[in-house]
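Colleague: I am new to this structure, and I would like to understand how its descriptions are reached. Could we look at it together?

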Amino acid sequence: MSFAFDKKDLPFIDLHMHTNYCDGKDAPEQMVLSAVGKGLKVVGITCHSYTHFEEGCSITPQNELAFIEEIKRLKEKYLDKIKVLCGIEWDLCTTSSVGEYDYIIGSMHYYRRGNKYFPVDKSKKDFIESVNTLFNGDYYLASEEYYQNVANIVESTNCDIIGHLDLITKFNIDNNLFDENDPRYISAYKKAVDTLVKFDKPFEINTGVISRGYRLAPYPSKQVYDYIKKKGGKFILSSDSHSKENVAFEFDKWKELL
């Protein structure tokens, strides 16, 4: 990560948000203005790394350099109001990028089988189909593979921030698909955390899952959060906002987790 900040500044930093350069609603400048209006000290505008099999959700190689240039412009324009950074959310399925970024968020959104990709978080229907197709409906086997891949995020993406660690629980409100207290699930996420904490990278406390109406609490879940904390992991708040209204979403409510 090409910048440093004090721990006391963490509630006033949001480094995960998406714009109309990928799957977000608003332009980068609108996100910056929202961050200024909410009193942030640092704002990071991110794009989803290019995924050739699902271009609608990611930035295209043709737009990537334009995105970087736009963030450079905003850095200068708002220099006296806020520190603007340019980031990328690098998916494990991405193999290359045409630009240079201030920081990288590492994440996993897909299972891969050869040249085919199966979504984890696109929709509940798609996730169920992924688990049925790849794991014969065994959500614990799906969780084990998911966390095995997540454990490799830092080494695979060279990321500075570990994104929404337990994304696999997005559609599992009230354990409606699988029991998050099952020993197999617990063992799977603990193995991933045990590997990742060694890299001393912050884990997201990601409130985007709340703003989009999927959960009432952020990623990671309390039990996963408690285990990361027990193992000495550190955290950073992220809104994962896809619209200007949700920049720094509920940061005041969850900043105590820092």
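Predicted model: local features only at pLDDT ≥ 70, side-chain atom pairs only at ≥ 80, totals over all residues.

Colleague: Why are α3 and α4 called roughly perpendicular to each other?

Modeller: The axes of α3 (residues 124–135) and α4 (residues 139–150) cross at roughly 90° and come within 9 Å. Angles from 65 to 115 degrees count as roughly perpendicular, and α3 and α4 are therefore described in that way.

Colleague: Which residues of α3 and α4 meet?

Modeller: Phe127, Ile128, Val131 and Phe135 in α3 meet Tyr139, Leu141, Ala142 and Glu145 in α4. By class, this contact has seven nonpolar residues, no polar ones and one charged residue.

Colleague: What makes α4 roughly parallel to α6?

Modeller: α4 and α6 (residues 183–196) pack at an angle of about 0°, and their axes are 9 Å apart. Because angles under 35 degrees count as roughly parallel, α4 is roughly parallel to α6. The contact of α4 with α6 has nine nonpolar, one polar and two charged residues.

Colleague: Why is histidine 48 called buried?

Modeller: Histidine 48, which lies in strand β2 (residues 42–48), has a relative accessible area of 12%. Buried means under 20%, so histidine 48 is classed as buried.

Colleague: How do you know that the side chains of histidine 48 and aspartate 23 are joined by a polar contact?

Modeller: The contact between the side chains of histidine 48 and aspartate 23 is 3.4 Å, and the cut-off for a polar contact is within 3.5 Å. Histidine 48 also touches other residues, including Cys22, Cys57, Glu89 and His242.

Key:
Residues numbered from 1 in each chain as written. Heavy atoms only, no water. Axes fitted to C-alpha atoms, helices over the stretch in contact; angles between N-to-C directions. Helix = DSSP H or I, 4+ residues; strand = E, 2+ residues; numbered from the N terminus. Parallel < 35°, antiparallel > 145°, perpendicular 65-115°, else oblique. Contact = heavy atoms within 4.5 Å. Nonpolar A, V, L, I, M, F, W, Y, C, P; charged D, E, K, R; others polar. Buried < 20%, exposed > 50% of the residue type's maximum accessible area, 1.4 Å probe, protein only. Polar contact = N/O pair within 3.5 Å; in protein donor to acceptor, adjacent residues only side chain to side chain. Lists of a residue's contacts leave out its neighbours within four places in sequence.
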